[in-house]
Amino acid sequence: MKKNIILLSLLLLSVFAFAQEAIKLNVTYKFSYVRDLENKEAPYTSNMVLSLGKTSSRYCTEKLFNDNDKKIIEARKKEQERLQSMPSSGMTAVVGGPTLTVGKYGVIINEEVLKNFSTKKLIIEAKLGIKNYHAETNLSEIAWTVLPETKKIGNYDCQKATGSYGGRKYEAWFTKDIPYQDGPWKLHGLPGLILEAKDTANEISFTFKEISKNDDTEETTQSFLNSPYSIDTNTKDLAKARKAFETDPKGVMSAQAPNARLYVRNIDNPNDKTVVKIKKYNPIEL
Amino acid sequence: MNRLRTSIFFVFVSAFLFPSLNLNAQQKIISGIVADDSSSVPLYGASVSLLNEQGLAIHYTFTNQTGNFKLAFSNKSVWVNISYVGYKTQQVKLDTSKTFYDIRLKAEAVILKDVTVKNRPAAKMKGDTLSYLIRDFANKNDRSIADVIRNLPGIEVTDNGSIYFNGKKIENLYIEGDDVMDGRYGMATKVIKKELIKSVDIISHHQPIKVLKDKVFTDNVVLNLVLQNENSLKLSATSQLGVGLPAQIEASIAPIVLSKKLKIVSLAGYNNAGIDYKNEIKQLGGSNFVDDISAQKKDITLSLSSISAPDIPLSYYYFNKSAIFSLNTLYKTKSDVQLKWNSNLFFDRNHLDYEGETLNYLADDTITYSDRQTIINKPLLFSAGFNVMINKAKCFLTNSFRVLLNKNISSGLIDFNGNSFEQILNQKDKQFSNDFDWIPSIKNKGIAELRWYSSYGTNWQRLNIDSSYYFDVSPQSGYYDMVTQQTQSPAWFHNVYLSYKFPSEKIFQEYRFGYKYLQEDLNSNLSLIDNGVIIPYANDSGNDATFTNSSIYLLSHYQIKRQKFRSDIQLPFLLQQIKSKQPLYSLNEHKSNLLVLPNLNFTYNFDDEKYLQATYQLQNIFGDITTAYKGVILLNYRNLQAYTQGFQQQKIHRANVMYSHQKSIKLFYSNIGLSYDYTMANTILSDSLSNNISHAVFIPYDNSQKTVSVYGGLSQYLFTLKTKVGLKMQKQWIFSEQFVNNILLPFQLNNFTLGASADKNVAKIININYNANLSWLSMKLTDKTTLQFPQTKSFSFDQKFKVSLNFLKHFYIETTGTHRINKWQAFNNTGYFFLDASVKRLGILKGLDAELNCYNLLNVKDYTIYQQSKNQFSASSYPTRGITFFLRVNYSF
C-alpha cells in the first residue's frame, strides 16, 4: 500500500514537473497596439513579460507577472483545494468582483499566451470582465523568410525575418545568441529568440526592454489566470467576446454580473471613472 | 548502436527515394540527428541553421521528436549552426559531400553569462481577506463609509441597506472585528465618515468563533471596517440639516467614538419629510456570532382597518413626524471580555388616509363594503440589549439579555357603508429574552455546544368603537355606546440543546439533542357597553385559553461532497406533545406525535456552467394559540374570527427542481425550474358574510391546496447593439378551497408574469436602465355552482427607468421614473407615474456637501391599488405626497 502511494506520488510529481517547467529567463517587451483606427496617434501600450522555460513559455502583462508570485499561487491552490473538499451550500463566490480595470487608452487587456513546444499547443487564457476563459489550439508554424539584414538590440546581434501571422505581415528581429525558438505574443519559430517585431501596417509592435535570468526553480511557466472556474472555449468565440468586451466593457460586465454594481479603476488616473471609447476597433488578428 | 542503424537506414531510404532530387535540384539537402553528448538522448526542438560567410542564417529548421532534422541548402551556405537551450552552441563547416550529420551537444549549466539573475521579491499573503484600502477606492466626493461601499467592486447595497458581495448577502458588518451594531448595521455605514476607516475588508469563509476556527467551515462572508487609528478616542460627528417645500424639515447628528477598546455609534434625529427611521435600526445581519433559535411570537392583531399597505415606496405616502435616538457601545476589558449595549428609541406620529371598496361575491348576492378613513398612529418603540462575550481560543461564551417595548395608540374617524364612527386602538407589547451559548474547546476533533434560550412576552390590545357603529351580529344587532374588544396574550418559550459536530472534509456530521417548550395564553373578551352597563357578547363567553407545545428533538445533519455532487441532508426527529385548554368551553385536548421532517438538498454540477438542483422539504405545523381559540374576536369593525375545537394541522410538501445553464463566452445565462407545493390541512376557512360584517370560522374539514409553478429566465448581451437584455417569466397555477356562506368553493388562480430589462450606456456620462414587468392574473371556480362568480382577469404593466448623468466632476443628476397601468375587469383602468430628480453638488467646503431633491415632479396626488383574494375584490386609494422640493446640507467634523 505504502509503496503504491509513493509510486503514485512520484507519477503525479512527474506529471507536474512536465506541466510546470521552471523559468530560465524573463524577457520584458513594450507592446504597442493601435486598437482604435480612429485614434492612431495614441496607441494602447503595455509592458509584457515572456517567461521562458525549457520547452514552454508564458507571455503576460508585467502587472500580472508582478502581482503573482509563488506564495500567492500556493495560497490560491490551497484555497481551491479547501473549497473543493469542504462542504458548502450553493455556489461559491469568486474572490475579486466586477472591477473594470482601464487605462488612458481604454480597457486593459489581460491575456496570457502559453506556448508548449513539445506538445505543439498554444493556449490562451483571458480574463474578460469577471470571467476567465481558456482556449486551446495548435501551435501553427509561421513561414518566416530570413533576410540578410542585421542590427544590434541590447547586447545582442539580431537578424531580420519576415512572416505572416493572423492576417498581418510581421518584420521580426531574432538573435541566435538566445537559442529559444520563441518570441513575444504568439510569434515564434525562428532559430533564436525574437527581440523585436512589428507589423508592416505599423499598427502593432513589440520592442525589447530587458532580459533577466531566474534561478528560483519554484517559479514556473504555469498560467496565472487559469483556475478551476475558467471556462473552456475556442479561439474564434474568444476573439468575438474579446472584441465585445474591449469595445463595450461596461455592457459586457453588467451582462456577466447582472445585479452587481461596476467599479471602474483607472490605473493611469485613479480619479477618472470614465472609459475611453473605441470608435473603430482594430483586432490584432484580422 | 541503435541510433547508428537508424541513421544508416535513413540515408539508404532517402537515397533510394529521392535520387533525382539529389542529382538535379540546385538546392541540396542535409540531414542529421542532434543528441545529448553524455546520455545520447535525442534533443527535440533544437535549431539547426545554415549560415553564410557573414554568419547570418539563411536556412533553418528544428529537430523533430526523434532528434532528426532535414534541411535544404543553397550555395551560399557555409556553416551549420546547432543550438539548444541549456547546451553549448556548435558550429561546424558545411561539408557538401556529407549528407548526414551526427551532432552531439554538450550541456551547459550557465546560460547567457552576461545576463543578471533577478528573482522577484515575495508579496504579502492575502488568504481569505480581500482588502479595499479607502485611499485607493474612495472618491473625493464620498462622505460616509456607505458612499464608499456603494462604489466598491463586487459590492452591492440594496434599498433596505443590506450589503451583498458578489450576489451573496453578507452575514454581518463589523467595526474592527466587533459586532458593535448587533446586526443593525444600516445606520453605522451612513453615519461613519470615511476618514475614520483605513480599509474595508471582505472576509470569506468567516468563522468568528475562535474555538471553531479551522474546524467548522462556513460559507459566510462578512464585511469588516478597519480603523484608521485604533487608539484614538477622539469624538467625531456627521450632521445633516434639510429644509423642504411644503413645510418639511430634517435634522440629525451622529456622534461617534471608534477605538480598539471603546466604540460608540449613536444617532439623534427628527424629520417630517417622509424618512422612515425604522430602516436605520432594521436587523440586517446576525447577532453575537450565533444563529437565531428564538420562536417568532405570533399574536392576534387587532386593527382599525382591513386594508393592506399600498405597494409603492413608503416615502410617497408617509406623512410623519418621527424622532430617533440610538446608542450602541462596545467595551473590551483588559482580559478580553467584551461588554455591549445597544438601545434604540423611536417615536412617531403619522397619518394615513384611504378610501376603499370591497366586493364580496356570494351565491345569491354581491355584498359591497365601502370604507373611508383617516388613521393617526402614535407608535413608540424601545429596544435594548446587553451582551457579555468571551471569545478565546479555549472557550466561547456569550450571554445576551434583550428587552423590547412597543406601544401604539391609533385613532380615526371612519365612514363605513355610509355610517361614520370613531375608533381607538391601544396596543402594548413587552418582550424579555435571554440567550446563552457555550462552546468549550475539546482536545479531540469533535465540537460540543450548549445553548439555552428563554423568552417571555406579553401583548395587550384594546379596540373601542363608538356609538355610531352598527354592531351587525344577531341576536345583539344594534347600536351601543361602545363596542370593546380586549385581548391579552402572554407567552413563554424555552429552547435548550446540546450538540456535537464531527467536522470532516468529505462528510460533515452534526447531532443535536434538545428540548423545546412553548406556552401561550389568550384572554379576550368582546363587550358591548350601553348606558354604563357592560353587556357581554351573547354567542360565546370570550377566551381563556392555554396552548402548550413541548418537544424533545434529535436533529442529524449531514453534508456530503463528491467531485460533482453535493448534498445537504437534515433529518430532525421530534417527539412532540401539544395541549389546548379552554376551560370556558370545557375543552381539554392533547395530542402526541412522533415527527420526522426531512429537508434535503442535492446539487449536481455537470460542468462549470451547468448544474441541476433538487430540493425537498416536509413541514408539519400544528398551529399555536392564534389558531386555538373558540371565542370570537373582533379583529376590526367588519371582521370576526374564531376556530372550532381540535388542533389545526398543516402538512406541507415542497419540491423544487432547477436547472441552470450559462454560456459565458457568448454572454448567455439561463435557468429553468419547476416547483410543486402540496398542503394538506384539517381545517378550512368558512366565511359568513352579512351586509356589515364578515364572520370567519375555521372548521374541521380535510382539504388541500396545490401550487404548481414553472419559471425561467434568460439574459443575453447583444453584441451588435451593445446592450444587455434580460427576460424572466413565471407561470403559476393555484388550486384551493374555501367555504363562503356554507357553500364550498373550489378556486383556481392562474398567474403569468413576464419581466424584461435592458441596460445601456449611451455616452460615457449617461447611463439608462429600463425595467418592465407584465402580469396577467385570472381567477375562476373550477366547478359550476349557483354562485354568480365572474371569471376575473386582470393585467398590469409596470415600467421603471433610471437615467443618470455625471458632469463637471462635482455635479451628479439622476432621474428615476416609475410608471404603472392596471387593467381590471370589475373596475376602471388606473395607473400612476412617479418621477423624481436629484442634483448633488459635492465638496463645497471641506466636509460640506449640498443636494437638491425633487420628489414626485408630476405631482401625483393619489394612488389606487386593486387586490383579489378568492371571492373578494377590493380597490383602495391613498393620497400621496404631492410635489416636494428638499434642500439638504451635510456637514461632518
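Me: In which sense do strands β13 and β14 of chain B pair, and over how many bridges?
Reply: Strand β13 (residues 197-203) and strand β14 (residues 222-227) of chain B pair in the antiparallel sense over 6 bridges. Strands here are DSSP runs of E of at least two residues, helices are runs of H or I of at least four, and both are numbered from the N terminus; two strands pair if DSSP finds at least two bridges between them. Before we go on, this is a predicted model: local features need pLDDT of at least 70, side-chain atom pairs count only at pLDDT 80 or more, and totals for chains, interfaces and linings use all residues. Residues are numbered from 1 along each chain as its sequence is written, while chains are lettered from A and ligands numbered from 1 in the order in which they are written.
Me: Thanks! What stands opposite Val200(B) in β14(B)?
Reply: Leu225(B) does.
Me: And what's the strand order of the open sheet with those two?
Reply: The order is β8-β13-β14-β12 in chain B, 4 strands with mixed pairing. β8 (129-133) and β12 (172-175) of chain B are at the edges with a single partner strand each, so one side of each has no neighbour in the sheet.
Me: Switching to cores: which residues touch the most other members in the largest nonpolar one?
Reply: Among them are Ala172(A), Phe174(A) and Ile194(A), along with Val34(B) and Val48(B), in a core of 85 residues. A nonpolar core is a set of buried Ala, Val, Leu, Ile, Met, Phe, Trp, Tyr and Cys residues joined through C-beta atoms within 7 Å. Buried takes 20 or more other C-beta atoms within 10 Å of the residue's own, exposed 12 or fewer, and partly exposed is in between, with C-beta atoms placed from the backbone. A second, separate core of 43 residues includes Val148(B), Tyr185(B), Val222(B) and Leu225(B).
Me: How much of chain B is buried?
Reply: Buried residues make up 27% of its 893 residues.
Me: What about Ala247(B), buried or exposed?
Reply: Ala247(B) counts as exposed, because there are 9 C-beta neighbours inside 10 Å. Ala247(B) is in the loop between β15 and β16 of chain B, and has a positive phi of about 40 degrees although it is not a glycine.
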